[in-house]
Amino acid sequence: VNRELALYGFGAVARAVHKLAQGFGMKTFAYDPFIPKEAIAAGGATPVESIPELFTHQYVSLHVPLTDETKESINKELLMKMPKGGTLINTARHEVVHEGQILEVFKEKPDFCYLSDVAPKNAEEIKALLGDKYMKRAI
């Protein structure tokens with residue numbers, strides 16, 4: 001209750017995640033530059049105006065392809081906008097997240113969490129930084 005999930009991309013997988021989140025009573029928000037806001041709203045999520053607006057929500061789930069525009073586009077500036085206890089969920093390509101800057105976010109935001117289905121290239125650095133909190137703050 002009172003949890004919010006923001007989806008970057010609103011394709012088939014994001015829509016499935018949206019339905020799961022609704023089952024947990026979560027409010028969902030979405031941004032997809034290729035899907036009209038009316039279609040996002042018709043799908044049951046609240047459309048947002050921009051990528052930075054996604055990062056004002058507690059959970060952000062990435063569902064974008066790797067392109068020149070998305071490569072390393074999830075950076076420190078966006079991640080620092082997340083509220084206390086903010087969690088980034090990356091089921092997109094790991095290259096979408098700026099891995100060097102995510103280390104800085106871990107240092108500066110002790111409550112930030114990162115969940116990824118593919119280990120980042122700098123996983124050992126993240127493990128060294130987080131120590132015994134590794135599987136709690138980064139998975």
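Me: Before we start, what counts as a pocket and a lining residue here?
Reply: This is a predicted model, and the search runs on a 1 Å grid over the protein atoms alone. A pocket is an open set of points with protein on both sides within 12 Å along at least five of seven lines. Lining residues have an atom within 4 Å of a point.

Me: Okay, which residues line the largest pocket, and what is its volume?
Reply: The lining is made up of Tyr8, Tyr31, Asp32, Pro33, Phe34, Ile51, His63, Val64, Pro65, Thr67, Glu69 and Thr70. As for the volume of the largest pocket, it comes to about 160 Å³.

Me: Which strands stand at the edges of the open sheet?
Reply: The sheet has six strands with parallel pairing, in the order S3-S2-S1-S4-S5-S6. An edge strand has a single partner strand, so one side of it is left without a neighbour in the sheet.

Me: What stands opposite leucine 5 in S2?
Reply: S1 and S2 run parallel and are joined by five bridges. Four of the five residues of S2 are buried, so S2 is largely enclosed by the rest of the structure. The residue of S2 opposite leucine 5 is threonine 28.

Me: And what is the bridge partner of tyrosine 59 in S5?
Reply: S4 and strand S5 (residues 87-90) run parallel, with four bridges joining them. In S5, tyrosine 59 is partnered by threonine 87.

Me: At what angle does helix H1 run to S1?
Reply: Helix H1 covers residues 12-23 and lies across strand S1 (4-8) and strand S2 (27-31). Relative to S1, helix H1 runs at about 175°.

Me: How far apart in space are lysine 133 and tyrosine 59?
Reply: Lysine 133 is in the loop between helix H6 (123-130) and helix H7 (134-137). Its relative accessible area is 44%, so lysine 133 is partly exposed. In sequence, lysine 133 and tyrosine 59 are 74 residues apart. C-alpha to C-alpha, their separation in space is 19 Å.

Technical notes: Residues are numbered from 1 along each chain as its sequence is written. This is a predicted model: local features need pLDDT of at least 70, side-chain atom pairs count only at pLDDT 80 or more; totals for chains, interfaces and linings use all residues. Side-chain values use heavy atoms; hydrogens and water are left out. On a 1 Å grid over the protein atoms alone, a cavity is a set of points where a 1.4 Å probe fits but cannot get out, and a pocket is an open set with protein on both sides within 12 Å along at least five of seven lines; lining residues have an atom within 4 Å of a point. Grid points are joined across faces, edges and corners, and a volume is the space filled by probe spheres set on the points. Two strands pair if DSSP finds at least two bridges between them. Helices (H or I, at least four residues) and strands (E, at least two) are DSSP runs, numbered from the N terminus. Contact means heavy atoms within 4.5 Å. Axes are lines fitted to C-alpha atoms, for helices over the stretch in contact, and angles run from 0 to 180 degrees between N-to-C directions. Buried means under 20% relative accessible area, exposed over 50%, partly exposed in between (1.4 Å probe, protein chains only).
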